[in-house]
Each structure stands twice: as structure tokens, then as C-alpha cells.
Amino acid sequence: MNLSVDADLLVSDPAELAAETISPPRRLSSLDSSWRLAYIAVGTNLGDRHNNLQQACLFLQDLSNSIINTSFIYSTPAAYVTDQPAFYNIVVSLTTDLCPLDLLAALKRGEQELGRVPSERWGPRHIDLDILTYGVHPSCGNVETGLVMRTEELSIPHVRMFEREFVLRPLCDLDPGFLPDLEAIRDSWDPDVTRIIPLPNGRMLPYGNETRLMGILNATPDSFTDGGNLGDGTAEALRLVGEWVGDEGCPPKTGIENGEFTYSHAKISRNKWTAIVDVGGQSTRPGADVVGTEEEIKRVVPIISAIRERYTDIVISVDTSIASVAEAAIGAGADIINDVTAGRGDKAMLQLAARLQVPIVLMHSRGTSKTMNSQNDYSKETGLIDGVYRELCRTVQSASNAGVRKWNIILDPGVGFAKIGVQNVELMRALPQLFSGKLEGYAVLVGPSRKRFLGTIAGHSKETDPTERDWGTAAAVTQCVNAKVDFVRVHNVSAMTDVVANANAFLRELPIVEAD
């Protein structure tokens, strides 16, 4: 995308430009204090791109007073010279006591320290650090309030920033007011420029363009709908995962021999809609007993190890609120921590996610499984949605304070957790409203599957088997697609695959790819 911009926005008249250009370089002590904020574009397409971004952030943090904020990560096809790997791009805002030319020199030194070597212009590189704007005050939030500078060494604002979507989109993550007509141009964004969640071994989980499924594997005897379904071994877990991802080498079960499932050789069609497999060893249903760390590890680690051994690329999350369980699961091959307490259950959890630099699902909840149903009073706020929004904002801030990067945060509104009956309906209706403002841009996961309120809406009794709520789950999945939720956590993946595929086609206008 190429955005035009008024020339007056980029260059003042000659007299003003001469007055505003800083030459020779000088320290900021002689400048207005509002000229201390800079936006830095960071890009990489060689080596471990996620680690390159992380190291660049650490360098910028050491260079500045502090990193104020980082954007989400965007995977971007290479521009200008297109025959090269895709880039990971972010924008970082920082405060600095360096004048622009000294900041430029520091960034060039940083590029060398981080592994950049001379290459062709616009060619592949381990890291690229560019000053976009300088002196933009946070309370003003637009380029017109910043320094305008043109020298042989440096131009501020960056002369090509308005033609680069991979710069504008992360920049607008930090400052949505930067482009006054942002809402009007969102529909013209290039779909190949995609927000991503980085994963180990160079993998990534894209989000933002479609709604996909998280399949539930409960290694528990007491979950409310599927407790005990996996048995004592990993064979059924592997069968289910094989079915979900369309593995033709892992066909459906035909019977049981010596406690393990046996297999036929029927083929299973490939399923692109299962994005994540979620493995849990502790029930989170209302009233559930805590099984303890050792037992939880015993339940989840063998299953995660078996899945990872067979499927090197599949995305695995571990459903736990205990940091030591999460660490064991990550060591066994899990990629994501799914914590229903968002770090409240174990103070070490957020620090673990930051240290390992792994994504973490932060779900809104109150209390514990024993007490959550009594903590659904949101009258101290201005209602349910306001209460959930405010508490999620505080949760995000806590994660950020612990060192969890913005791109490693997935948010979950917590359907059925400290919300009863019609409150869940209100929550589902308000998903677009909830994930706006300070929460806009984060990946969103919602878990309505087979929850009691779906049966209540349909007139089912409390004793009705939860599997009878799959039709209600289908409606909830459709609402999630309509609300542009990124991931929906479900039990019956096979049935919900048809639902999410069709809902994406109808409501998110995704192209339809016909099977061979």
C-alpha cells in the first residue's frame, strides 16, 4: 500500500527547516523536553528472527531511559528486493537524551553488535534499526508535533515511512492517532502483512485474518464434559490430534488391544482450521479439586511429548496455572502457556513466560474453581463489560511489568469464569467492544464450548449431558467468527471445523478453496 501525504507534513519552508535542523549534533539538555520521544523501526529476515527482535529491544532499552512500548510483530513480504525471506517488523517507542544524529550513530553501532553485515541496499539483514520520528510528544501523538530534519546523514520523519505498510501498521499499534484516517484505510491493508505470535524453532502463529480452533485434550478424570476420555495412554490423544490436523498416517481407531487403541488405515482429510492443541491436567470446572503439581505434570508431559515427537510443527499449549507445570510442559515440547488465572494462581508464572519468551494466554477470572461463581458481582464497576475490560487491562500491565512482550500475550475474556448465566451472553455479545481501546490488537481466544449457559438458552435442564450442547457451541463459534475472534477453544473439533470454515467464508469473507 502506498499512502500519499501532504508535503508540508514532511518538510517545512526553507527558513523553518534551517532553524529546526540540528547541526552539529548536540545533547538534548538544550532542547525542549517534549523532544525526547523517538519511534524506531526494527526489521529482521535472517537467522532467528524472534530472537533478533528480542535482542534489539534489549539493546534499545539499554540505550534509552526505558522502552515505553513495543508494537505487535508483523510478518511482511520483502519490499523492493523481493527474492528474499519475509521480514519480522516491529516499531519501538523510547525516550532518549541523545540528539538525533547521536541516536543514529548509536543505532548503527547497535546493528553491528547485533550481527548486521554490509549487503545490497534493501537486501536481507539480521537487523535493521531506523529512526522514524523524533520529538513526537505522547500527548500529541502525530508527526506534525515532532522535529523536521534533513541532512545528508538523516531525514526526520523517515522519507519512506508513508509508503511502507510494515512501518505504518506497527506504528499505529503504538499510536492509533498517528494516521487521522486510520479506520478508513484499514480495509486496504495488505493481507500478506500479518500479525504473528512467534514460536520456538522459527515457527509462527499468524492471527487477525481468520478465526481458527483450539482443540481441547483434557488428561483429567473429572472435567465437566470429557473427563477420562483419553484413558491411561497417549494413543487416543494422538488419534484425536491426527484427526484434527488431517494426518493421513494417523487414522481413526477401530478397537482396543492391551489397553491401547488400534488403527485402521482410513484416510483423513487435511484440516487447516485447528490452530492449537491445548493439553490440560487440572480441571477448572466450578468446584474442582486441586490435584497437585506432581500429578498434573504426570498427566500432561507424556501426552505433550508424544504429540511433539510425531508432529514437529503443530502448536501445543498447556492449560495450567502452576509455573513448574508450565516449565515442564514447555521442556516437553509445548509452545504456549494457557493460564486461566492470568498469573494470579502462581506469582512465578509471568516471570517464567518472560524468561522463556513464550506466548501466554491471560484469561479474565476471579477467585478459584471453588469460589469463582460467588465473585460475579460487577456493580463496583459500571457493569460486566467495563469490569472485565479494566481487569484485563491491569492483567496486561502486570505481564508487561514482568517482562512479557506485547506480541506474546493472548487474551481470553473468561466465558463461564466469575460469570453466570446471562452474563456470559452479555460477554459474547460485547466481544468487539471489549477488545478495543487499550486491548485492541492482541490475539483473542474465547472458550464457550459446551458451557451450561448454552444449554440454558436452548431450554436444556442442568442434568443434560454437556455433549448435547454442541449445537449451542456451533452458534457461539459463529458469534466468535462474527466478532473477529482469533481462536475458539472447543471440545468437538470435527464438528466445529465445518462451522468455523463456513462462518469464516460468510462473515469474514475468506476465499473458498475447493478440495481436490
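Gly472 lies in helix H15, which spans residues 470–482, where helices are DSSP runs of H or I with at least four residues, strands are runs of E with at least two, and both are numbered from the N terminus. Because its relative accessibility is 22%, Gly472 counts as partly exposed; on this scale, buried means under 20% relative accessible area, exposed means over 50%, and partly exposed is in between, with a 1.4 Å probe and protein chains only. The C-alpha atom of Gly472 is separated by 9.8 Å from that of Arg452, a residue 20 positions away along the chain.

The structure is a predicted model, in which local features need pLDDT of at least 70 and side-chain atom pairs count only at pLDDT 80 or more, whereas totals for chains, interfaces and linings use all residues. Residues are numbered from 1 along each chain as its sequence is written, and side-chain values use heavy atoms, with hydrogens and water left out.

The protein chain contains 16 helices and 19 strands, and 55% of its 516 residues count as buried. Among contacts (heavy atoms within 4.5 Å) between residues at least 6 apart in sequence, 70% join residues at least 24 apart.

Helix packing was examined through axes, which are lines fitted to C-alpha atoms, for helices over the stretch in contact, with angles running from 0 to 180 degrees between N-to-C directions. Angles under 35 degrees count as roughly parallel, over 145 as roughly antiparallel, 65 to 115 as roughly perpendicular, and the rest as oblique. Helix H8 (residues 293–310) and helix H9 (residues 323–332) have axes that come within 8 Å and cross at roughly 20 degrees, which makes H8 roughly parallel to H9. The contact is made by Thr293, Glu296, Ile297, Val300, Val301, Ile304, Ser305 and Arg308 of H8 together with Ser324, Val325, Ala328, Ala329 and Ala332 of H9. By class, this contact of H8 with H9 has 8 nonpolar, 3 polar and 2 charged residues, where Ala, Val, Leu, Ile, Met, Phe, Trp, Tyr, Cys and Pro count as nonpolar, Asp, Glu, Lys and Arg as charged, and the others, Gly among them, as polar.

Helix H11 (residues 384–402) takes part in a packing with helix H10 (residues 348–356), the two axes coming within 8 Å and crossing at roughly 55 degrees, so that H10 and H11 are oblique to each other. This contact is made by Leu350, Gln351 and Ala354 of H10 and by Ser398, Ala399 and Ala402 of H11, a set that divides into 4 nonpolar, 2 polar and no charged residues. H11 also packs against helix H12 (residues 422–429), at an angle of about 65 degrees and with the axes 10 Å apart; H11 and H12 are therefore roughly perpendicular to each other. Here Leu384, Ile385 and Val388 of H11 meet Gln423, Glu426 and Leu427 of H12, and these residues divide into 4 nonpolar, 1 polar and 1 charged.

Asn408 is found in the loop between H11 and strand E17 (409–412), and with 1% relative accessibility Asn408 counts as buried. Leaving aside its neighbours within four places in sequence, Asn408 is in contact with His50, Ile197, Pro198, Gln357, Val358, Pro359 and Ile360.
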